Each structure stands twice: as C-alpha cells, then as structure tokens.
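Dear colleague,

Please find below the structure that I am handing over to you, followed by an account of what was found in it.

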Amino acid sequence: PLLTLIDTSAVGLASGAKDSALEIAALGPGGSVCDGATYFYTFLNIATTNFLASETEPEKRDQVVARGATLALRNGVLALIWLRLIAGPFLAVFIGGQASGALEVQKRAATYVRVRALGAPFLLLGNALTAALLGAKDSAAPLIALAASASTNIIGDFIAVGLLGRGVRGAAEATALSQVVQAVVLARLAAKKLGTAGEASPVRYVRRLLKTQRRLEGRSFAAFAGPVLVLVFSKLLSFGVMTFTAARFGSVPLAAHQLTLTIFLLASLVLDAVAGQTAQAFLPPLKGRTGVQKLGRRLLKLSTGAALVSSITAGALALRGARLFSGDPAVASELAAVAAPLAASVLLHGAIAHGEGVCLATADLKFVGASYAVSGVVFPALVGLAGPGALRGVWDAFVVFQIARAAVLQLRARHVLRKY
C-alpha cells in the first residue's frame, strides 16, 4: 500500500488537471489487481512467522525459513506470469466500458499491472523474509528494508514520472525496482540474523535456502492455507466490490476511491504490524503459560492508541491533503466527502487487527475461515445498498462491516486467550 500511495501521488501531481483523474483512476483497479494477487499468498507469511516464533531448535528454524522463501519465490514467478496474461481481459470486465473515460482507464491500468508484475517474485520473497525476521522478534530489519524500498520508489517516480513523463508505466517501473531493492536488503539482513557464519551475501543466503529440501517435521504450511486463503479471498472480494462499484460512477469518483482505499490500506498495514504481527510473534511461545491474557490486553491497548492516531491522520489526509495526490479539484471534493467514514474505518481496524492477530497466533484457524466466509457473502450485499453515484454510500457500508468484524473478532479473541 505504501508503494501504491507513492505511485498515486506521483502520477496525480505530475499529470495535468485534465489527466490527473484518469491516471489516478487507472491506479485504482491496477493497484488492486497487483496488491491482491500478491496478498493472496499471505498464508505463507503467517505460517512462517508462527512456526518460527514457536520453534527453538536452530536447524528446524532454518527449515522454516527455507520452506517459506522457496514457496514464495515459486509462487512469485507464477504470479508474474498470470498477471501479465490476465491484465487486459480482467480489467476490461472489472472496469466496464460505460462510465466516462472507462476505455482509457482500462488501457492505463493494464499497462501498470503488466509492468509492476515483474517485481512479484521479489515482493513475495521479501514478504517471506520479513515474516521470518518478525518471527525471530526482529522488527528493525523490515523497517530498514521498507525505508530503502520507499526511497527507491520516490526517486524512481521522480525520474520516470516527473522528469521523463512516463505516467503509470513509469510509476510501475519504479515500484518493481523498489521491490527488487527491498528483497535484496531483506536477504542481506536475514542472512546476518538467521543465516550461518559467512553468509553475509544475500545471493549466497537465498541460494542456500532454495537448495534446502528437507520436510518440516509435524508441521505443514498447508495447514494454514485453507482458512487463511478464505480470509484473504474475503478481503480481496470486499475491496474488489468497492472498487467495482466506484468504477461505475465515473473516473473522478474512482480516482477518489483509489486515494481513499490506499490511505486505508496503508493505515491498516501499520495496525496489522502493531497488533496482529506482534501477537503472532510473541503469543505462540507463551502457550500454556501465565501472562497470555496480560499480553493480549497490552496489545489491545497498543492497537487502540495506534488506531486513534492513524484515524486522525487518515481523516486529515482525506479532508485537507488532496493536493498531495492530485491537482484536480473535483477529485479533492469527492475525497473530502468520504473523510468521515474513512477515519471511522481506520479506528475500527485497530480492534480488528488485534482480534485477527490473536486468532491466527493461537491457530484458531477454523473460526477465522468460517467468519471470513460469512463476511465475504454479507459485505457485497451491503455495498449493493449504496445509491447510484454515491461513493460515500460505499464507504458508509464499509463502516458497518467494520463494526461487525470488530465485535465478532474481539469476542473470539477474549475466548481463545482464556483457553490458550
């Protein structure tokens, strides 16, 4: 989401007022397809973090990292291939051809997806290594890699979009390059933290991981695949329905929706790290010991505080920060109209991230799968209640959805912590 936000700001500000809405609108479905395709493999990251956090033997910890990295690279190559193949046909259906400027949006979005797909193997490898480092209770290394990636993307966008005028293609090229940089930095840091002596080289470290073919004793990444894939599919379906609906309103509402969704996803990424990933790293070793409920309460307080700050920031960006992303006053007006539901959605996500993190950390996978299967059916119906042309209605429906998710996940988190 951070790289997508940087791309959105770059193309929105570099384009003239006439093209700004079209460029940002193209990044809506284009970014959703790219982020969704890679987010689909989240179960690899969750499994890597949980297994590594609960494993104490060095050899088995190394096997966990090797399995996660190998699966990530293989699936990254597959994602690269099918993203480039389906970009055009899928976006034609997703965006439709009735709204103003729809055909031009389709063309630019497809270009963005095909170019950005080149970074998919590096992105998935980086995600797996990030999960391994978090499982080893190292939160500094992923932040260093993220800073390197964001810096590369900003510089790349400045050159490709600002100086060379390559638009969404240039933004995609900068993002793909930044994902390569992030993977290299993470591999180097992981080699120092998790590798053996003499493995400072990121290439040598990754090569050894790929050669490790031992089976994980009594553990399987597949155990996480089913329930977590339901979770991922439900979220992708929810955001996809929102974007699909916004696309029917025209390029300006779609551009405003893209900005709103990107801000929300960036805020949720922060909250997922603060509460969800922290729970997955620290709860498994405490199984059957005292202090589990105390840690759960501390994480909830931390998540609530972070959600409050994130909510205020997100609302302010939507209300007053449109100039950071676009010079089109029509987009700014649409964005300001959804500031309140955006802020409310982010605030509620603090409780959601905490509850979801606790359920995943305690391997309450059946509940996770069942609850998100239900939400994947209910939410599209809520969005369908939004009036024609009403982007605000789409985001109001999302607030109702967030309230229900927060209540259900918090009740379940309290239950599993008492039994863990």
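**Findings**

Serine 238 is buried, with a relative accessible area of 2%; buried stands for under 20% relative accessible area, exposed for over 50%, and partly exposed for what lies in between, with a 1.4 Å probe and protein chains only. Please note that this is a predicted model, in which local features need pLDDT of at least 70 and side-chain atom pairs count only at pLDDT 80 or more, while totals for chains, interfaces and linings use all residues. Residues are numbered from 1 along each chain as its sequence is written, and side-chain values use heavy atoms, with hydrogens and water left out.

Serine 238 has its place in helix H10, residues 222-247. Helices are DSSP runs of H or I with at least four residues, strands are runs of E with at least two, and both are numbered from the N terminus. Residues up to four places away in sequence not being counted, serine 238 touches Phe379 and Phe401; contact here means heavy atoms within 4.5 Å.

**Helix packing**

Two packed helices are described by the angle between their axes and the distance between the axes. The axes are lines fitted to C-alpha atoms, for helices over the stretch in contact, and the angles run from 0 to 180 degrees between N-to-C directions.

Helix H14 (residues 339-361) and helix H16 (residues 391-419) have axes that come within 8 Å and cross at roughly 25 degrees. H14 is therefore roughly parallel to H16; angles under 35 degrees count as roughly parallel, over 145 as roughly antiparallel, 65 to 115 as roughly perpendicular, and the rest as oblique. The crossing in which H14 passes H16 is left-handed. A crossing has this name if the near helix is turned anticlockwise from the far one by less than a right angle, and is right-handed if clockwise. The residues of the contact of H14 with H16 comprise 18 nonpolar, six polar and five charged. In this scheme Ala, Val, Leu, Ile, Met, Phe, Trp, Tyr, Cys and Pro count as nonpolar, Asp, Glu, Lys and Arg as charged, and the others, Gly among them, as polar.

Alanine 413 is found in helix H16 and is buried, at a relative accessible area of 1%. Its neighbours within four places in sequence left aside, alanine 413 is in contact with His354, Gly355 and Val358. Between the C-alpha atoms of alanine 413 and glycine 119, which are 294 residues apart along the chain, the separation is 36 Å.

The axes of H14 and H15 also come within 8 Å, and they cross at roughly 135 degrees. The two helices, H14 and H15, are therefore oblique to each other. H14 contributes Ile352, Glu356, Cys359 and Leu360 to the contact, and H15 contributes Leu365, Phe367, Val368 and Tyr372. By class, the contact of H14 with H15 has seven nonpolar residues, no polar ones and one charged.

Helix H4 (residues 58-95) packs with helix H5 (residues 102-116) at an angle of about 155 degrees, and their axes are 9 Å apart. H4 is therefore roughly antiparallel to H5. H4 passes H5 in a right-handed crossing. Residues of this contact include Leu83, Arg84 and Ala87 of H4, and Ala102, Val105 and Gln106 of H5. The contact of H4 with H5 divides into eleven nonpolar, two polar and two charged residues.

**Cysteines**

A disulfide is a covalent bond between the sulfur atoms of two cysteines. Where a pair of cysteine sulfur atoms within 2.5 Å is taken as a disulfide, the count comes to zero. Cysteine 34 is buried, with a relative accessible area of 4%. Cysteine 359 counts as buried at 0% relative accessibility.

**Backbone and loops**

Most residues other than glycine have a negative phi, and most peptide bonds are trans. Lysine 137, in the loop between helix H6 (120-135) and helix H7 (140-163), has a positive phi near 65 degrees. At 43% relative accessibility, lysine 137 is partly exposed. Alanine 363, in the loop between H14 and helix H15 (365-383), has a positive phi of about 60 degrees although it is not a glycine. Alanine 363 is partly exposed, at 47% relative accessibility.

Proline 329 is found in helix H13, residues 329-337, and is exposed, with a relative accessible area of 60%. Proline 329 and valine 252 lie 77 residues apart in sequence and 9.9 Å apart in space, C-alpha to C-alpha.
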